[in-house]
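Hi,

Here is the structure I said I would pass on.

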Amino acid sequence: MAVPTGAYLAMAVTVGIAFGIHDAVAKLRMEGVDPSSLSLATLIAGLPLLGVGLLATGWMRLTPLSGVLFVLAGIVNFALGRTTMYAATSELSASGASVMTATSAVFSVLIGLVMEERVTWNIVVGVGLIVVAVYLISGWSAREATARGVGLGLLTGLAIASSVAIIKLGDDTGGSPGLGVIIAYLSGTLALSPKMRKAASILRERPAPIAVMGIAAAFGQLMRYVALTSLGVDVVTPLQNLRPIVTTLILFGMVSPSDKRPRARHWTAAIMAFVGVALVSNLV
């Protein structure tokens, strides 16, 4: 039975919600933890959920090319992107690091220019909004820390843009989403395996936040893989960038007044980033 498009849109929305929960917990409970070890710990924590999902759905379709692409997606998205995301979160705020992930839309536009795609007014305006949102973030920390945080955030955006494109290619070349995300998780885990001892220590010392982060991230990744089987990157990308708004809402409700709590410009940057990505992706 065919799944209605509306269901795939709902899945794309849950991607942003799940990632927003993950980002907020990372800022609230995991600051100062080694980023690559934390990446490995959350990958391990999320694998059981993905295994249950695979058994429940029977998604076992795979071709040699899609398998290679899913392995590459795991290395780019998890070993690189998730690690730089955690490092950026330590330098900025969680909502700040989340907004930085919206720069993935800018990198997508640059790739389109290289491929000689047509640039429209909404793309220009959208990119402008994202750039302004990034500028607002740059004032959240000391000058030296901000430069590092923004650089890490931009690298995260590039990794996300690249991995989404790779995932879509894997789907289009005969791979199934459930098996694809597990392959990506395993390849990311293997790439980060030198950090296994530190990751095991983090799992023992902070099981609750790692479990929440791992499950939220795994669920978000699975929903993204499934959504991309029916929807284009131009739709999934803006909806997954609900994450900075969700992160900001969580921090506003849970954090006492401090440097971590979002202020007016944090809200402004989060909303501008989402609107910017929506414009770039032709969602509005």
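To get you started: which residues does Val181 touch, not counting residues up to four places away in sequence? They are Leu50, Gln221, Leu222 and Tyr225, where a contact means heavy atoms within 4.5 Å.

Some housekeeping before the rest. This is a predicted model, so to speak of local features I need pLDDT of at least 70, and side-chain atom pairs count only at pLDDT 80 or more, while totals for chains, interfaces and linings use all residues. Residues are numbered from 1 along each chain as its sequence is written, and side-chain values use heavy atoms, with hydrogens and water left out.

**Overall**

The protein has 13 helices and zero strands (DSSP runs numbered from the N terminus: H or I of at least four residues for helices, E of at least two for strands). Of its 284 residues, 56% count as buried; buried is under 20% relative accessible area, exposed is over 50%, and partly exposed is in between, with a 1.4 Å probe and protein chains only. Take the contacts between residues at least 6 apart in sequence: 92% of them join residues at least 24 apart.

**Confidence**

Mean pLDDT (the predictor's confidence in each residue, from 0 to 100) is 82, and 87% of the residues reach 70 or more. Helix α4 (residues 94-101) has the lowest confidence, at a mean of 71, and α9 has the highest, at 95. Please treat residues 140-145 with care: pLDDT is below 50 there, although the stretch has nine contacts in the model beyond near neighbours in sequence.

**The cores**

Val181 turns up again in the largest nonpolar core, which has 50 residues. A nonpolar core here is a set of buried Ala, Val, Leu, Ile, Met, Phe, Trp, Tyr and Cys residues joined through side-chain atoms within 4.5 Å. The members that touch the most others are Met30, Leu38, Leu50, Val181, Tyr185, Met213 and Tyr225. Two or more residues each come from α1 (5-29), α2, α3, α7 (143-172), α8, α9, α10 and α11 (233-240), and α10 gives the largest share, with nine. There is also a second, separate core of 20 residues, including Val99, Ile123, Ile130 and Val150.

**Aromatic pairs**

I found two aromatic pairs. Rings of Phe, Tyr and Trp (its six-membered ring) pair if their centres lie within 6.5 Å; planes under 30 degrees apart are stacked, over 60 edge-to-face, and the rest tilted. Phe70 and Tyr225 make a tilted pair, 5.9 Å centre to centre with 40 degrees between the planes. Phe70 sits in helix α3 (residues 64-91) and Tyr225 in helix α10, 155 residues apart, and both are buried. Phe78 and Tyr185 pair edge-to-face, at 4.7 Å and 70 degrees. Phe78 is in α3 and Tyr185 in α8 (residues 177-191), so this pair ties together parts 107 residues apart in sequence. Phe78 and Tyr185 are buried too.

**Helix α9**

In α9 (residues 196-205), the buried residues are Ala199, Ser201 and Ile202. They lie on the same side of the helix because they cover an arc of only 160 degrees around the axis, taken from the directions from the helix axis to the C-beta atoms. That buried set packs against α2 (35-57) and α10 (207-227). The face turned away from it carries the exposed residues Arg197 and Arg204.

Cheers
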